[in-house]
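Please look through the sequence and the model before reading on.

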Amino acid sequence: MSDRRYPPALLAWSVWGLGALLYLIGFYQRVAPAVITDRLMADFALGAAALGNLSAFYFYSYVAMQIPTGIIADRWGPRRLLTVGAGVAALGTFLFAFAPTIFWANAGRLLIGASVAVAFVSMLKLATRWFRPEQFALASGIALFCGVCGGVVAGVPLRLLVESFGWRPVMVVTAIVTAALCLAIFLFVRDDPSERGYASHAPAPAAGGTHHGSVWHGLMQVLSYRNSWILVIVPIGVAGAVLTFAGLWGVPYLKQVHGLDTKTAAAITSTLLVSWALGGPILGALSERMGRRKPLYVITTVIALIGWGIVIYLPLPIWALVGVLIVSGFACGNLIIGFAFAKESVPSRLMGTASGVCNMGPLMGGMFLQPGVGWILDRHWLGSTAGGARIYDAAAYQAGFSLIFGAIVLSLLLILFARETYCKQTA
């Protein structure tokens, strides 16, 4: 191996970048319903609860895939997993685009969620083999940035395309792009640089390897640590607030309560996503410098609670609302502290399982809160519609968003019971 050189940077980033593109598409699909709520309500004759459920079908399958994805990635390798993931995502998007009824639209969202769930783990696996170890953190950060870029594309650009061509044709094009990515991954991506004649950066395998049959045992071990279940529940409120507002209900709220047009509302929710993305690495790095996890996690959750409380319960001019959303989104980036906190809370041999478990938390936030807010909105609906879509008043949104506020209160109370790791791995 010593006489072989490592892969050139352009080749390494290109291989990894194709995996990152699937993650970008996955994030785009996650928040796309936010700017087409009116079209979906009118086309499928949906109330808020049914619309929340349609959006959440993505999260149902995404969450279910978190644990098995790591095992499948080990057995199949990232190339096969990404190829199948992109292929199924394209199929799900076609199904969603041509759905004659809500049943088929839900099925399409379910397929999309399950398939794009493989992207992040596969990207990290490619990074360990194609990049030097010191580049791993950079790749992880760029991965999250790619995700948020997908979220921003699903804001104003998507709305402009939908207004010009209709949501179904736009989703057909999305499916075609995803299918093209599937082909590109199959032809170009390789699991390891050695398949291209280069030296691999892969770490030496641990003695004894991983025994696939012990996954359930490992999961039970991870959950036997108090911090594990605390740190999977906490992001349900904190990250769930962002995914629920930016991912579905923020745009119709800003339109119906604040009188904004869809493009302006989408620009505001995209700004929230960007501040959330910036908060993650900055708060994570600050936690490392402090040498502690819990104090900053508590402080930022308090800031998030106050921020969302102001948004939900106080009448604000738009400029002030945007400012509070930016601060709240930044504070909600503390989920990155939670990932590190969770990994350190278990012995190193359980770190992979702990990461998979912890990653379920933010997604469960979208899974529970999006349909939950919708259900409450329907309970407070006064009967008005516009273009076939239901219109909800300020009181209805305040009642619905109170669910977000309550979830963050629960998050804050739970963090207080977490055991500090001092940024060190549990023995």
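## The chain as a whole

In this predicted model, residues 24 or more positions apart account for 84% of the contacts in the chain with a separation of 6 or more, where a contact means heavy atoms within 4.5 Å. Buried residues, those under 20% relative accessible area with a 1.4 Å probe and protein chains only, make up 54% of the 427 residues.

The C-alpha atoms fill a box of roughly 70 × 45 × 35 Å along the principal axes. A compact globule with 427 residues would have a radius of gyration near 22 Å, and the chain's 21 Å therefore agrees; the radius is taken over C-alpha atoms, and the globule rule is 2.2 Å times the number of residues to the power 0.38.

## Two packed helices

The chain has 17 helices and two strands, which are DSSP runs numbered from the N terminus (helices H or I, at least four residues; strands E, at least two). Helix α11 (residues 226-256) and helix α13 (residues 294-313) have axes that come within 12 Å and cross at roughly 30 degrees, the axes being lines fitted to C-alpha atoms over the stretch in contact, with angles from 0 to 180 degrees between N-to-C directions.

α11 and α13 are therefore roughly parallel to each other, a label for angles under 35 degrees.

## How the model is read

Residues are numbered from 1 along each chain as its sequence is written. Local features need pLDDT of at least 70, side-chain atom pairs count only at pLDDT 80 or more, and totals for chains, interfaces and linings use all residues, while side-chain values use heavy atoms, leaving out hydrogens and water.

Conventions
Angles under 35 degrees count as roughly parallel, over 145 as roughly antiparallel, 65 to 115 as roughly perpendicular and the rest as oblique. Buried means under 20% relative accessible area, exposed over 50%, partly exposed in between (1.4 Å probe, protein chains only).
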